[in-house]
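This report describes how the chains of an assembly meet one another, taking one interface after the other.

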Amino acid sequence: MAPIRRLVLDVLKPHDPGVVTFATQLSDLEGIDAATATVVEVDETVKTLRVTIEGDDLDLERVRAEIEDLSASIHSIDQVACGSRTADDPWIDG
Amino acid sequence: MAPIRRLVLDVLKPHDPGVVTFATQLSDLEGIDAATATVVEVDETVKTLRVTIEGDDLDLERVRAEIEDLSASIHSIDQVACGSRTADDPWIDG
Amino acid sequence: MAPIRRLVLDVLKPHDPGVVTFATQLSDLEGIDAATATVVEVDETVKTLRVTIEGDDLDLERVRAEIEDLSASIHSIDQVACGSRTADDPWIDG
Amino acid sequence: MAPIRRLVLDVLKPHDPGVVTFATQLSDLEGIDAATATVVEVDETVKTLRVTIEGDDLDLERVRAEIEDLSASIHSIDQVACGSRTADDPWIDG
Amino acid sequence: MAPIRRLVLDVLKPHDPGVVTFATQLSDLEGIDAATATVVEVDETVKTLRVTIEGDDLDLERVRAEIEDLSASIHSIDQVACGSRTADDPWIDG
Amino acid sequence: MAPIRRLVLDVLKPHDPGVVTFATQLSDLEGIDAATATVVEVDETVKTLRVTIEGDDLDLERVRAEIEDLSASIHSIDQVACGSRTADDPWIDG
Amino acid sequence: MAPIRRLVLDVLKPHDPGVVTFATQLSDLEGIDAATATVVEVDETVKTLRVTIEGDDLDLERVRAEIEDLSASIHSIDQVACGSRTADDPWIDG
């Protein structure tokens with residue numbers, strides 16, 4: 001199977017745990033080299049994060065389970081990059 | 001024949017399989033070095049993806065067959081780059 | 001004669017042949033190192049492509065003949081770069 | 001625990017201490033390699049800063065305590081980057 | 001005299017000769033390393049080109065004479081870069 | 001104390017001394033490697049400058065005293081970067 | 001005295017001499033490594049140029065005298081960069 005190298009996820013997270021706990025726990029998962037969470041919207045009970053995860057062979061189901069363990073949920077997937085290297089989307093990274 | 005080095009495709013995909021399964025299966029095709037799927041629109045029954053595929057000698061028909069095996073379809077082709085190297089479009093990548 | 005290093009062409013193409021066939025055939029022409037076709041508009045019977053062609057010494061008439069062999073036509077020329085190297089247009093590539 | 005490599009914080013700060021004192025004190029914290037404060041809004045009694053903090057293993061609670069010692073408060077967290085390296089968010093840094 | 005390294009010219013050109021003939025002839029002038037013509041407007045009888053010319057020591061009058069030999073005319077000069085190296089304009093190339 | 005590496009200041013300056021005298025005098029201060037003044041607004045009696053100052057260990061009070069010696073004043077501070085290196089603000093420099 | 005490394009000037013110039021003569025003469029001044037003139041506005045009797053001048057130790061008064069010898073005048077100064085190196089303005093060059 002071609003490995004997943006980058007995932008960009010839209011995540012809904014209650015205010016607790018905080019985004020720092022969320023990001024550090026997430027990046028602690030085996031196989032994750034880097035996780036960057038950008039807060040894109042704050043509502044009364046929930047924050048929307050865009051979460052960029054990079055690694056040599058990411059496992060979405062383990063990522064999803066970890067996110068749910070952290071009381072959050074994947075609202076949608078913005079980008080998935082797979083393969084022996086990462087291809088940039090020319091319309092975004094050009 | 002000059003090889004295809006990059007394909008950027010507009011793909012319509014039902015919600016199942018998910019975009020991660022879609023991207024990993026696709027990038028698993030022989031000859032594909034990297035596949036990046038960016039979700040650009042979500043409708044009730046379908047997602048629109050911009051899929052960037054890179055390799056040394058891509059085969060559109062095998063790509064199309066694989067996409068259809070994954071219950072999705074190529075709605076349109078946004079960009080095709082061929083040759084012994086990849087030329088960037090100055091209006092996009094400049 | 002100073003060689004042509006890059007041509008950016010506005011091409012009108014019927015739906016058949018497809019843009020992949022179009023780009024691979026075109027980049028197969030002697031002297032073309034790379035051809036990238038970006039679809040910029042889709043009408044009922046025709047697609048408008050912006051085609052970036054790079055090489056050490058491009059020949060417009062052979063490019064035009066090949067494009068016409070492929071049932072398409074050059075609608076207009078967006079950019080021509082000539083010389084012993086390629087100068088970028090500071091207003092586009094700056 | 002995966003280390004925090006970059007924090008981008010929205011900070012509310014009274015006019016005293018000034019932003020320079022604020023930034024130098026903050027970057028003086030053990031483990032902080034660099035702190036950059038950009039003033040994004042100035043109100044009658046308060047300034048809003050976007051504070052970018054980088055280090056090999058940042059500690060939010062020590063950062064928060066230091067910020068509060070400086071009479072300021074973290075209004076919200078804009079971005080957290082964790083891991084063995086820093087992943088850029090393609091929608092911002094692309 | 002400090003040499004001219006880059007000229008960016010606004011050129012009005014009748015439809016004949018074509019932009020490719022125009023650019024190749026122009027870049028054939030002694031002292032021109034590279035000439036890039038971008039079509040910026042097409043009217044009934046005339047095309048407006050932005051022409052970027054680079055070399056170690058360009059001669060405007062020879063460039064102008066060549067442009068007029070090609071039935072075109074310099075409508076205006078957008079940029080001139082002179083000196084022992086090329087300085088970029090921070091408002092354009094920054 | 002962590003050193004200040006970059007200061008971006010909003011400076012109000014009467015028309016005399018001129019911006020060149022202002023910038024050269026300022027960059028002459030011990031510890032300043034580079035000072036760049038960009039004029040952002042011109043009013044009847046005053047100019048608003050955005051002044052970027054870089055060095056290994058800047059001293060705001062000496063910078064402020066020098067600016068006041070030059071009959072100008074710091075209207076506000078736009079950015080302060082401190083630490084053993086300079087962190088870029090991803091929302092500005094990304 | 002800390003040397004001036006870059007000057008960006010707003011220059012008003014009558015139509016004669018032309019911008020090429022203007023830029024070449026200007027860059028011929030001792031101490032100027034590069035001068036780039038971008039035409040930003042054309043009025044009936046005058047052109048407005050943004051002139052970027054780079055060197056190791058520029059002398060504004062000699063630059064001004066030369067500009068006036070060329071029948072033009074400095075309308076305003078957009079940017080001055082001084083020091084042992086050039087600092088970029090993060091809001092423009094970031």
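How much area do chain A and chain B bury between them? In this predicted model, chain A and chain B bury about 2,000 Å² between them, with carbon and sulfur atoms accounting for 59% of that area.

## The interface of chain A and chain B

On the side of chain A, 22 residues are in contact with 23 residues of chain B. Three salt bridges are found by the rule across this interface, and one of the salt bridges between these chains joins the side chains of A:R85 and B:E54, with a distance of 2.7 Å from N to O. Polar contacts between chain A and chain B number ten residue pairs, both residues being at pLDDT 80 or more.

At least two residues each of the side of chain A that touches chain B are supplied by β1 (4–14), β4 (73–83) and α3 (90–93) of chain A, and the largest share, seven residues, belongs to β4(A). By residue class, this side of chain A divides into 13 nonpolar, five polar and four charged residues.

## Strand pairing between chain A and chain B

Five bridges connect β4(A) with strand β2 (residues 34–42) of chain B, and the two strands pair in the antiparallel sense. Within this arrangement, A:G83 stands opposite B:A34 in β2(B).

## The interface of chain C and chain B

The contact between these two chains draws 23 residues from chain C and 22 residues from chain B. About 2,000 Å² is buried between chain C and chain B, 59% of it on carbon and sulfur atoms; in chain C, the residues that lose the most area to chain B are C:V20, C:D33 and C:T36, which together make up 24% of what that side buries.

Across this interface the rule finds three salt bridges, among them the one that C:R50 forms with B:D89, where the closest N and O atoms are 2.9 Å apart. The rule also finds ten residue pairs in polar contact between chain C and chain B, both residues at pLDDT 80 or more. The elements of chain C that give two or more residues to this side include β1 (4–14), α1 (19–27), β2 (34–42) and β3 (46–58), and β2(C) provides the largest share, six residues. The residues on this side of chain C comprise nine nonpolar, seven polar and seven charged.

## Strand pairing between chain C and chain B

Strand β4 (residues 73–83) of chain B is joined to β2(C) by five bridges, and the two strands run antiparallel. Here B:A81 stands opposite C:T36 in β2(C), and C:T36 is also among the residues of chain C that lose the most area to chain B.

Technical notes
Residues are numbered from 1 along each chain as its sequence is written. Chains are lettered from A and ligands numbered from 1 in the order in which they are written. This is a predicted model: local features need pLDDT of at least 70, side-chain atom pairs count only at pLDDT 80 or more; totals for chains, interfaces and linings use all residues. Side-chain values use heavy atoms; hydrogens and water are left out. Contact means heavy atoms within 4.5 Å. Buried area is the accessible area (1.4 Å probe) that two parts lose on being put together, summed over both. A salt bridge is a side-chain nitrogen of Lys or Arg within 4 Å of a carboxyl oxygen of Asp or Glu. A polar contact is a pair of N or O atoms within 3.5 Å; within protein, one must be able to donate a hydrogen and the other to accept it, and residues adjacent in sequence count only if both atoms are side-chain atoms. Helices (H or I, at least four residues) and strands (E, at least two) are DSSP runs, numbered from the N terminus. Ala, Val, Leu, Ile, Met, Phe, Trp, Tyr, Cys and Pro count as nonpolar, Asp, Glu, Lys and Arg as charged, and the others, Gly among them, as polar. Two strands pair if DSSP finds at least two bridges between them.
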